[in-house]
Amino acid sequence: MSTSPEPERRRPRFNPRLFAVAVVASLVVGALLGWIAKATDAQWLITTLDTIGSTFTNLLTFTVLPLIFTAIVVGITSLRSVGGGRTAARLGGKTALWFAITSLIAVVIGIAVGRLVQPGQGLVLEPDPERLKSIGEKTQGSWLDLVNGLIPSNLVSAFSEGETLQVVFVALIIGAAAYSLGDTAKPFVDFNRSLFEVIQRVLGWIIRLAPIGTLGLIGNAVATYGNEFFAPLLKLIGATYAGCALVLFVVYPVLLRFVAKVSPATFFAKAWTVLQFAFVSRSSGASLPLSRQTAENLGVSSSYANFAVPLATTTKMDGCAAIYPAVGAIFIANLFGIQLGVVQYLTIVAVAVFGSIATAGVTGWFTMLTLTVSALGFPPEVVATGIAVAYAVDPIMDMARTATNVAGQIVVPTVVARGEGLIDDEVLNAPSDPPLLTAKA
């Protein structure tokens, strides 16, 4: 008597829509728990929320540097398949040019919104003394930071000390060397490609914890800051969100529609998962694998996406490097009654366009904002006090800034790819699953 084999048990399929709903629900529940913790002074709940949020952030952080290094090495060597060294140089040049163009547009919008909203005008606030002290201990941004922090004393220190800009520099040098060696470097490139895939898989598992991490991050932010600084600083928050929204929902769609010939609706449908994750995680680096896969889902050649998106992740930050320094500089000027003229606004523009690569360092927005206000000639005590006041609500603003950063890191490669004939319209118009989240466990 024959027996039919038992049917194979199928593993439940991951539901991206349910994941999106879970993240949004976590935002609401986290904010509610944070409010309860603040109102009742429940230290155990505050500690729990902080532990959940910091654990999720640490899980993301440990993947960032190896992701960036392997992605850039693999990306540079992948350019061989789109044409020789001249083609690679042309693609790199066009990518950098569009970085500058979009940064210019973003900083002008930041200035316009700042002048319209006038954050800090009539505001009288005393910053937390401890926060003021911690800001004063930070290294102020300067043009020398880029040069001095570019070359590591050794390879290990760049990774162990979390020096993102140094890791990028090393990856560019090693990637270029591997490119020049051709087949001789193939084992090394294959190893980096495999390592990149392994890290992506690990990050995919971590990303599935986003609803839990979101609850902790939002809850801790509300419990820590509450309304103490939030209400008085609504203008600064509003100006930052307005500037980011204009770039994210107006400038980028215009570039996509008229330059890249990509429907904005298609872009947001395919990019929504990564934008949502960037908003919650506040990390462009942790969003890198999702950003790269999103670019490929938009039809961008994988060879070019492997190069452009990792590079953009560390140097293309319209939210942190253009919009916010403009709004922040106007906020600090208004806070201390400093008048800004045409020359000062042109200085803000110049810093945003030519100095945005400094945000690749671990200080991020802090470097760019201090670099901007220092270029404007603000006294050190004014800079420290102004940033200490704004720092109270920085996590709230950083969500919008990071989502804008990540969107630009996908839009620019898409624009360049269209001009170079590196977009597959069949892939662009075909439906695609959210990146990483639907991979087999």
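A residue is called buried when its relative accessible area is under 20%, exposed when that area is over 50%, and partly exposed in between, using a 1.4 Å probe and protein chains only. The structure examined here is a predicted model, in which local features need pLDDT of at least 70 and side-chain atom pairs count only at pLDDT 80 or more, while totals for chains, interfaces and linings use all residues. Residues are numbered from 1 along each chain as its sequence is written, and side-chain values use heavy atoms, with hydrogens and water left out.

Side chains of opposite charge can pair when their charged atoms come close. With a salt bridge taken as a side-chain nitrogen of Lys or Arg within 4 Å of a carboxyl oxygen of Asp or Glu, the count for this model is 10. One of these joins Lys94 to Glu420, with 2.5 Å from N to O. This pair links distant parts of the chain: Lys94 belongs to helix α3 (residues 85-117), whereas Glu420 sits in the loop between α18 (394-419) and α19 (425-429), and the two are 326 residues apart. Helices here are DSSP runs of H or I with at least four residues, strands are runs of E with at least two, and both are numbered from the N terminus. The two partners can also be described by their accessibility. Glu420 is buried, at a relative accessible area of 18%, and Lys94 is partly exposed, at 33%.

Another salt bridge lies within a helix. Arg292 and Glu296 pair with their closest N and O atoms 2.7 Å apart. These residues are 4 apart in helix α12 (residues 288-297), so about one helical turn separates them. Arg292 is buried, with a relative accessible area of 8%, and Glu296 is buried too, with 19%.

Salt bridges with shared partners bring Arg282, Asp394, Asp398 and Arg401 together in one network. Arg401 has a ring contact as well: it lies over the face of Tyr324, 4.3 Å from the ring centre. For such a contact, NZ of Lys or CZ of Arg must be within 6 Å of the ring centre and within 35 degrees of the ring normal.

Turning to the aromatic rings, a search of the whole structure gives 2 aromatic pairs.

Finally, the cysteines were considered. A disulfide is a covalent bond between the sulfur atoms of two cysteines. With the cut-off for a pair of cysteine sulfur atoms set within 2.5 Å, the whole structure contains 0 disulfides. For Cys244, the nearest cysteine sulfur is that of Cys320, 8.1 Å away. Cys244 is buried at 3% relative accessibility, and Cys320 is buried with a relative accessible area of 7%.

Terms used: Phe/Tyr/Trp six-rings, centres within 6.5 Å; stacked < 30°, edge-to-face > 60°.
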